[in-house]
Amino acid sequence: MNDKNHPVKVLIVDDSAVVRQVLKKELSRDPGIEVVGTAINPFAARDKIVQCKPDVITLDVEMPRMDGITFLRKLMVHMPIPVIVISSLTKAGGQLALEAIEAGAVDVMCKPGAAYSVGDLSLELIEKIKGAAQVPVERLIRKAPPSATAPPSRRSISETTNKIIAFGTSTGGTEALRRVLPAFPRNSPGIVIVQHMPEHFTTAFAKSLDDACEISVSEAKNGDTVTPGKALLAPGNFHMSLRRSGAVYIVQVKQGPRVNRHRPSVDVLFNSVATYAGSNA
């Protein structure tokens, strides 16, 4: 974990010279971050890690000689360091992003493109880097991963509930959710979750959680009901808020302006939960 009184030392690993240049320029604007080096591939990164001793690494996935996920797995075994994967997370790439999280990445982000402007990316990345520097990666990696064994068959639950559990997570939160949610029994109150993450990744992440849990976990759709034994995960690039129709809780899923640089935003969900569930949350 990084000392909060000193700049966070960052190593940028990407095969694109343009991306390396843009990220270095944008990150260097913040006095709380020091870019200590860049690397064109994992082999160059290995030498830079020994030389520069970074607190956080930003990592591309698709690179020559060795892909980012293979490098990440090796890194977590030999020298655990907080890693943020920055990749072109297309719909097809959502599964790769999930593999990156399972390999030990503390967060994933899209490269500048349709989903992000460079300004949006740099502000959010700076926030994520500072958060990642405080994640105790070595302690987490040493723990046994959640069992991949499928949970017992679930009974169908359709009744409503007056209790709601809300989770809001950001950098490092994917690992927290993978450890916490499997502990919930099938009769748990309805659960709503916002994890700050890009579009498309949430579908694969929800499926991964569903496979590991006794409760049902799915990516939320507008109008879904919140019932016992079910958890709804906000889709990437969409806000999710809680509403109430009589005794039934439902979720509203829609786009809109980013809130504190995020969409989905934990603030949007929690404000709605406070309004519509109150002390029942």
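## Cysteines

The structure, a predicted model, holds zero disulfides. Cys 52 counts as buried because its relative accessibility, 15%, falls below the 20% cut-off. Cys 213 is likewise buried, with a relative accessible area of 0%.

## Helix α2

Cys 52 belongs to helix α2, which covers residues 42-52 and in which Pro 42, Ala 45, Ile 49 and Cys 52 are buried. Viewed down the axis of α2, these buried residues fall within an arc of 95°, so they line one face of the helix. An α-helix has 3.6 residues a turn, so residues three or four places apart point the same way. Val 50 and Gln 51, on the other side of α2, are exposed.

The partners of the buried residues of α2 are the strands β1 (8-13), β2 (33-39) and β3 (56-59), together with helix α3 (68-78). At the N-terminal end, α2 is capped by Asn 41, which places a side-chain oxygen 3.0 Å from the backbone nitrogen of Phe 43. After α2 comes Lys 53, with a positive phi near 50°.

## Nonpolar cores

In soluble globular proteins, nonpolar side chains tend to be buried together. Here the largest nonpolar core has 63 residues, and those with the most contacts inside it are Leu 27, Ile 57, Ile 84, Ile 129 and Leu 181. Neighbours within four places in sequence aside, Ile 129 contacts Val 8, Val 10, Leu 27, Ile 33, Val 56, Thr 58 and Ile 84. Another core, of 16 residues, lies apart from the largest one and includes Val 192, Leu 232, Leu 269 and Ala 277.

Definitions and conventions:
Residues are numbered from 1 along each chain as its sequence is written. This is a predicted model: local features need pLDDT of at least 70, side-chain atom pairs count only at pLDDT 80 or more; totals for chains, interfaces and linings use all residues. Side-chain values use heavy atoms; hydrogens and water are left out. Buried means under 20% relative accessible area, exposed over 50%, partly exposed in between (1.4 Å probe, protein chains only). Helices (H or I, at least four residues) and strands (E, at least two) are DSSP runs, numbered from the N terminus. The arc is that of the directions from the helix axis to the C-beta atoms. Contact means heavy atoms within 4.5 Å. A polar contact is a pair of N or O atoms within 3.5 Å; within protein, one must be able to donate a hydrogen and the other to accept it, and residues adjacent in sequence count only if both atoms are side-chain atoms. A disulfide is a pair of cysteine sulfur atoms within 2.5 Å. A nonpolar core is a set of buried Ala, Val, Leu, Ile, Met, Phe, Trp, Tyr and Cys residues joined through side-chain atoms within 4.5 Å.
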